[in-house]
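Let's take a friendly walk through a protein model. Have a look at the structure first, and then we will go through its parts together.

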Amino acid sequence: MKIPSIKAPFCRTCNTIKLAKNMGRQLESNNLVNITNTSENVYKTLLPVREMLVNYAKAKNIHLDFKSVDSEIEKGLLITLESQNTKKVNSRLINPDLDSVEPVMRKNKIMLENQDELNYQAIGIESHEDNFLRRVYRTVEILANLK
């Protein structure tokens, strides 16, 4: 008498469990980060970094929504952040051009120490250039830190 193999039913069960986990992860991702309301080029650019945005949103307990705006008055990518704790909503419009690099200059206060070991405050200038993804990351970080 031959005993039937349990390999096939076991593999089917494992695949079903993996599929259920992936579907649960996908539902959670959709609740945290929504990029479906964007243009095709922006969607293709944000899709590979979506998992990183989901992890950030999960850590900060926020919901991110990306929406392409194309009206006569304004054109851009609207990034909306909603805090899950306070239900406060912040949004900002950024340049949706994927190829442009924008210079960013900002003044910030720093503490310096002179030769007499006395501390004093000085104003420094921070400057850098942001591509599209860096603009998205910087905007999300700024919105997350607004209270």
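Which residue in β4 is the bridge partner of L81? It is N90. Keep in mind that this is a predicted model.

## The hairpin

Strand β3 covers residues 75-83 and strand β4 covers residues 89-94, and the two run antiparallel, joined by six bridges. Together β3 and β4 make a hairpin, with five residues between them. In that turn you will find K87, whose phi is positive, at about 60°.

## The sheet around it

Strands of a sheet pair through backbone hydrogen bonds, and the pairing can be parallel or antiparallel. Here, four strands build an open sheet with mixed pairing, in the order β1-β2-β3-β4. At the edges are β1 (33-37) and β4, each of which pairs on one side only. On average, neighbouring strands of this sheet are turned by 20° against each other, if direction is ignored.

Now go to the β1 side. Three bridges link β1 to strand β2 (residues 62-70), and this pairing is parallel. For example, N37 has K67 as its bridge partner in β2.

## Two helices side by side

To describe two packed helices, we use the angle between their axes and the distance between the axes. Helix α3 (residues 50-60) packs with helix α4 (residues 132-145) at an angle of about 10°, and their axes are 12 Å apart. Because angles under 35 degrees count as roughly parallel, α3 is roughly parallel to α4.

Which residues make this contact? From α3 come M52, L53, Y56 and K60, while α4 brings Y137, V140, E141, A144 and N145. Sorted by class, the contact of α3 with α4 has six nonpolar residues, two charged residues and one polar residue.

## A pocket to explore

Helix α4 turns up again in the second largest pocket, where it gives the largest share of the lining, four residues. Strands β4 and β5 (102-113), like α4, each supply at least two residues of this lining. The pocket holds about 160 Å³ of space.

Definitions and conventions: Residues numbered from 1 in each chain as written. Predicted model: local features only at pLDDT ≥ 70, side-chain atom pairs only at ≥ 80, totals over all residues. Heavy atoms only, no water. Axes fitted to C-alpha atoms, helices over the stretch in contact; angles between N-to-C directions. Parallel < 35°, antiparallel > 145°, perpendicular 65-115°, else oblique. Contact = heavy atoms within 4.5 Å. Nonpolar A, V, L, I, M, F, W, Y, C, P; charged D, E, K, R; others polar. Pairing = 2+ DSSP bridges. 1 Å grid on protein atoms, 1.4 Å probe; cavity = no way out; pocket = protein on both sides within 12 Å on 5 of 7 lines; lining within 4 Å. Points joined across faces, edges and corners; volume = space filled by probe spheres on them.
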